[in-house]
Amino acid sequence: MFADHEERTFTKWRRKESVVALDVRREMGAMEPTMPFSGDVMIHTDDLTLGYGDRLILRDVTFSVYTGEIVAVLGGSGCGKSTLLKALIGLLPPLRGSVWIGGRCITGPQGDMALEAVRRHIGVLFQYGALLGSLSIADNVAMPLEEFTDLPRRLIEDIVHFKLETVGLADYAHFMPSELSGGMRKRAALARAMALDPQILFCDEPSAGLDPITAAELDELLMECNRALGITMVVITHELASIETIATRCIMLDKSAQGVIAVGTPEKLKNESTDPRVRAFFHRQPAMLRAAELGGSVPS
Ligand SMILES: Nc1ncnc2c1ncn2[C@@H]1O[C@H](COP(=O)(O)OP(=O)(O)OP(=O)(O)O)[C@@H](O)[C@H]1O
């Protein structure tokens, strides 16, 4: 069920680009908004306020992600992590505020065009992989290359092989997604997300549904991609082990606060934060949170 929903989300994401592509190519010259930040800022949100209909989920969220970072967006269930991700990849228009990617505002009046301009440089690893079930693993990985490039079939096949080799699936090119394990599907989805050598990779709960060893292997793979290729990553997760292993910085959201309650390295948040909500999360002690909510003392 989740996989079907994701496949639709993925298709929507891809379709949006082909709808605006023509206009963009025509008008590209006219559109060059620049971000009021240094070139080191890869992603920036400014007073971003998100919701569904009348329901507000996040308000006035402002943060930057710098080139080469792996930023973990974390927080308890329902605090709005996936909602934020949807806004960052242009699937959810904000109620207020803006999202800037690579110096372009993707939420302004010319947001669709800006998004089209940067989309080729963005990879998304969806929570359940979002592989198209009717295509082989190789064809899934080839898809972005066929849509975005004019490369000859032979070269696309070589690139697909290389990408699958990178994630350890070279021998499974002709398998269908349903014939792979959960961990293998995630790796295949990573190969697809990396097909166009993106500068930014968004990952929605990469460890979800994986056993700890497989999850750790995927974390290793993400770190390799970051180190070797310099890809900036935003990883939505609430897996503590994963956060402590891969994140260079964390942005913590909270449901009651409807926004960001902490920003910092995992070590700093874990060892230095005095916020009971942050301490409860990093020390896995819900009692700390309950005590704080009741206005009582927080266990040390
Ligand atoms: N399409 C939607 N329409 C209405 N409400 C939604 C929609 N998607 C999410 N929500 C609501 O927004 C809130 C935040 O959901 P979101 O999925 O962003 O949280 P999350 O932090 O990613 O949670 P989890 O860790 O459990 O995946 C939830 O209360 C959810 O019910």
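Predicted model: local features only at pLDDT ≥ 70, side-chain atom pairs only at ≥ 80, totals over all residues.
Residue numbers start from 1 along each chain as its sequence is written. Local features need pLDDT of at least 70 and side-chain atom pairs count only at pLDDT 80 or more, while totals for chains, interfaces and linings use all residues.

**Close-up A. Who sits around the ligand.** The shell is made of Y52, I57, G75, S77, G78, C79, G80, K81, S82, T83 and H238 (a residue is in if its C-beta atom, placed from the backbone, lies within 6 Å). Helix α2 (residues 81-88) gives the largest share, 3 residues; helices are DSSP runs of H or I, at least four residues, and strands are runs of E, at least two, numbered from the N terminus. By class, the shell splits into 3 nonpolar, 7 polar and 1 charged, with Gly counted as polar and Tyr and Cys as nonpolar.

**Close-up B. Helix α4 against helix α6.** α4 (residues 137-148) and α6 (residues 182-193) pack at about 25°, axes 8 Å apart, with axes fitted to C-alpha atoms over the stretch in contact and angles running from 0 to 180 degrees between N-to-C directions. The two are therefore roughly parallel (under 35 degrees). On the α4 side, I137, N140, V141, M143 and P144 meet A188, A191 and R192 of α6; contact means C-beta atoms, placed from the backbone, within 7 Å. That contact has 6 nonpolar, 1 polar and 1 charged residues.

**Close-up C. Where domain 1 touches domain 2.** An automatic or database assignment sets the bounds: domain 1 is 2-264 and domain 2 is 267-300. Domain 1 puts in 7 residues and domain 2 puts in 8. On the domain 1 side, β9 (249-254) and β10 (259-264) each supply at least two residues.

Note on methods:
Parallel < 35°, antiparallel > 145°, perpendicular 65-115°, else oblique. Contact = placed C-beta atoms within 7 Å.
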